[in-house]
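Please open the model in your viewer and keep the selection panel at hand.

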Amino acid sequence: MDEALVDFLQHLALEKNASAYTVKSYREDLTQALGFFRERTGSKNPQPGQMTTRLLRAYLVWLHDQGYAKTTLARRIAAVRTWCRFLCRQGSLTSNPADGLRGPRQDHKLPHFLGEEAVSRLLETPAAATPLGLRDRAILETLYSAGLRVSELVGLNTADLDLDSGLATVRGKGKKERLALFGPRAIKALKLWLDARGTLPPRQCDAVFLNKNGTRLTTRSVGRLLEKYLALAGLDPRTSPHSLRHSFATHLLDRGADIRSVQELLGHRNLTTTQIYTHVTTQRLQESYQKAHPRAN
């Protein structure tokens with residue numbers, strides 16, 4: 001199975017064009033599963049043919065016993081199912097032992113987002129008197145204005161920007177490219193930052209957003225700077241960079257945007273992924289109705 005796992009990860013990276021993060025997640029999840037299979041079969045190098053439905057169900061029970069969250073359980077079971085389908089296509093398995101294997105039913109939680117007033121307060125918090133303050137304001141404006149994932153933000157290069165047209169080429173999940181749109185305030189913030197960017201130590205780095213050493217900013221660094229500005233603005237500390245993406249989608253729909261346009265802007269493959277934001281707006285309408293309508297109570 002070790003060789004089969006290496007082949008599968010190479011298939012993800014080379015043929016499926018999966019991101020390094022996706023490959024890393026599959027490697028971690030399946031390495032754990034392989035460790036369980038070794039222990040349960042008593043073999044240091046079990047063969048794919050030993051991966052039976054009974055063994056996979058035992059693995060599912062073991063995962064439950066470890067106390068993992070439902071989302072973690074679902075992801076790890078999904079990783080095993082995907083691997084089994086690959087082994088069937090490769091001929092290493094004659095039948096799929098993962099058929100019928102189901103993860104836990106997921107709780108449908110509505111995404112956390114900030115209201116328009118809270119977003120405005122957050123975006124105005126970074127000081128514009130220093131290069132890093134200009135950078136931080138541009139980061140927050142870009143996340144909200146374009147609805148980017150934080151990985152898409154830190155992956156932006158200067159050549160990806162066309163600020164005269166208010167556009168950027170973004171590489172999303174699976175390295176799929178799409179066009180992102182910027183509003184006037186985000187464009188202004190980006191231009192101010194790019195003018196100040198040259199004051200940082202030169203590292204011949206093409207990244208739009210640099211750290212104080214002149215190298216590409218990381219997703220964790222973006223998370224830390226957001227935590228700082230949330231505290232300064234007195235806003236909900238649960239807010240993450242992805243919450244600004246949720247806020248972007250929710251505010252667009254609140255103001256009458258077409259859901260398919262929002263799907264395109266977010267880079268969602270399926271409309272069902274975008275439809276969760278309609279649940280957010282519907283819930284808010286219901287709350288307003290319950291508070292305001294004289295016959296609601």
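## Starting with the whole chain

Show the surface of the protein chain: the accessible area is about 16,800 Å², and carbon and sulfur atoms own 50% of that (areas come from the Shrake-Rupley method with a 1.4 Å probe, and for residues only the protein chains shown count as cover). A word on what you are viewing: this is a predicted model, where local features need pLDDT of at least 70 and side-chain atom pairs count only at pLDDT 80 or more, while totals for chains, interfaces and linings use all residues. Residues are numbered from 1 along each chain as its sequence is written, and side-chain values use heavy atoms, with hydrogens and water left out.

Along the principal axes, the C-alpha atoms fill a box of roughly 65 × 65 × 35 Å. Of the 297 residues, 43% count as buried (under 20% relative accessible area; exposed is over 50%, and partly exposed lies in between, with a 1.4 Å probe and protein chains only).

## Into the cores

Next, select Leu 122, Phe 182 and Phe 209, the residues with the most contacts inside the largest nonpolar core, which has 40 residues. Such a core is a set of buried Ala, Val, Leu, Ile, Met, Phe, Trp, Tyr and Cys residues joined through side-chain atoms within 4.5 Å. Among the elements giving it two or more residues are α5 (116-123), β2 (167-171) and α9 (219-233); α9 gives the most, with 6 residues. A separate core of 31 residues includes Leu 5, Leu 9, Val 23 and Ile 77.

Now centre on Phe 182. Beyond four places in sequence, its contacts (heavy atoms within 4.5 Å) include Thr 142, Leu 163, Ala 168 and Leu 190.

## A histidine and a cysteine

Move on to His 246, in helix α10 (residues 241-254). Is His 246 buried or exposed? His 246 is buried, with a relative accessible area of 15%. Leaving aside neighbours within four places in sequence, this histidine touches Pro 111, His 112, Phe 113 and Tyr 277.

Finally, pick Cys 84, which is buried at 0% relative accessibility. With a disulfide taken as a pair of cysteine sulfur atoms within 2.5 Å, the count comes to 0.

Terms used:
Helices (H or I, at least four residues) and strands (E, at least two) are DSSP runs, numbered from the N terminus.
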